[in-house]
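Q: Hi! Could you walk me through this one while I have it open on my screen?
A: Happy to, here it is.
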Amino acid sequence: MVDDKKRKKKKRGGGKKKMTAEQVLAFKAVNEWVCLGQQQQGSSFLVDDFGVQKSLGRGGEKVVFELHSHSKFSDGFLSPTKLVERAHGNGVKVLALTDHDTMSGIPEAVEAARRFGMKIIPGVEISTIFSPKNPDAEEPVHILAYYGSCGPKRFEEVDKLLENIREGRYLRAKDMILKLNKLKLPLKWEHVARIAGKGVAPGRLHVARAMVEAGHVENLKQAFARYLYDGGPAYSTGSEPLAEEAVKLIRETGGISVLAHPWALKNPATIVKHLKEAGLHGMEVYRSDGRLAVYSDLADAYGLLKLGGSDYHGRGGNSESELGSVNLPVLTLRDFLNVARPIWFDAVRDILESYAEEPSDSNLAIITRFGRARILKGNSPLSCGKDLIDRCLSLWLTNEEKQNDLFEAIKLKLSHVSISQGGTNVPIETQ
């Protein structure tokens, strides 16, 4: 009887074993980054046969990365705060908020994450078009961008690109409504705009929700399957940039570019080839149902990072993957951070250096864009620019990364710059 129970338990949970030496080192490196600015706790490490951490940290906690999620700032159903709360409830330690064509929800997510000791990766899912010489091969492509805690350097360039895309989304939504009306499926712009919410650029999901509410379809899946799929009778394009241009801009502004859901593409191999040449860092390979071998092989062929996330929107139903449901192996997380951290480090250096050269309110706003309360308030008040740099470095970089002569030079330059609690720069009088 006991043997039967043991066999059932083994079959149900899979074999568990201690981490290999490589996995232990990988976890330590990942955990060091996850715990930046937090008090670290002792941990015991176990992994399953897939190489995923299963019983880590105090109280059997996991270190779970969720690298693809959406909030009400694009086409998600939850506010960034509610999204963070749900992610925390699912054991997520690192959450990338990747709304469509906007980073407006990041500050709220960062503030909410402070309560739970979670880490937010500022991200965005950029709508683009892959447009080869053969017009029949043109198709929409989504590129995920992951930035460090300080966000993109040259943020205004990224913001301008995203703003242009969002403006095109308004025209696109109106064109989809027009096409649906011609198909004898009457919808009003005001209906779609109300669902999207004030200031949110409407997308296909908002149109689909309006169709459900109007009784034209039974559910969202039917709306897409019949009318809104790529090339469908009510589909419309906006003012999306070329995929290669978006990848180059992400790279130039200190981000990691990753091809989203390649399984939705008609010609993934061709697209991956061209985007790799433009500087693509990785592609989604993992889903909640495991790793997709064909896309894993494609990533290997081009030397790309193999990542993944739930693509959570909060729409509910059995068809949607839950936050934190994609198991990314610890070695995958290590590889991701090994590529990302030097790029994010350079962005931090450039942003702080610009502030040291010109300690203006506008440059201070760039530093605090995604974490104003955490940086300016923290546990103690800031007395000068040097304190600001020390706090940023403690939140953003590991001890090893902080050991850089340039940061000492920056702190020296800012030792005579005072920072009020309101964030205003005031020169300190010196004799």
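A: One term before we start: two strands count as paired if DSSP finds at least two bridges between them. Also keep in mind that this is a predicted model.
Q: Thanks! Which residue stands opposite Ile143, then?
A: That's Leu259 in β7. Strand β7 covers residues 255-259, and β6 pairs with β7 in the antiparallel sense over five bridges.
Q: And how many bridges join β5 and β6?
A: Eight, and that pairing is antiparallel too. As an example, Gly123 has Tyr146 of β6 as its bridge partner.
Q: Is β6 enclosed or open?
A: Largely enclosed by the rest of the structure, because nine of its nine residues are buried. Glu139, Val141, Ile143, Ala145 and Tyr147 point one way, while Pro140, His142, Leu144 and Tyr146 point the other way, and all are buried.
Q: Switching topic: what volume does the largest pocket have?
A: About 1300 Å³. The lining has 43 residues, and the closest to the pocket centre are Phe224, His261, Asp311, His313 and Arg315.
Q: Which elements give two or more residues to that lining?
A: They are β5 (119-130), β6 (139-147), α5 (155-182), α7 (204-213), α8 (220-228) and β8 (282-287).
Q: Which one gives the most?
A: β6 again, with four residues.
Q: Last one: how do the lining residues divide into nonpolar, polar and charged?
A: The largest pocket has 13 nonpolar, 14 polar and 16 charged residues in its lining.

How values were computed
Residues are numbered from 1 along each chain as its sequence is written. This is a predicted model: local features need pLDDT of at least 70, side-chain atom pairs count only at pLDDT 80 or more; totals for chains, interfaces and linings use all residues. Side-chain values use heavy atoms; hydrogens and water are left out. On a 1 Å grid over the protein atoms alone, a cavity is a set of points where a 1.4 Å probe fits but cannot get out, and a pocket is an open set with protein on both sides within 12 Å along at least five of seven lines; lining residues have an atom within 4 Å of a point. Grid points are joined across faces, edges and corners, and a volume is the space filled by probe spheres set on the points. Ala, Val, Leu, Ile, Met, Phe, Trp, Tyr, Cys and Pro count as nonpolar, Asp, Glu, Lys and Arg as charged, and the others, Gly among them, as polar. Buried means under 20% relative accessible area, exposed over 50%, partly exposed in between (1.4 Å probe, protein chains only).
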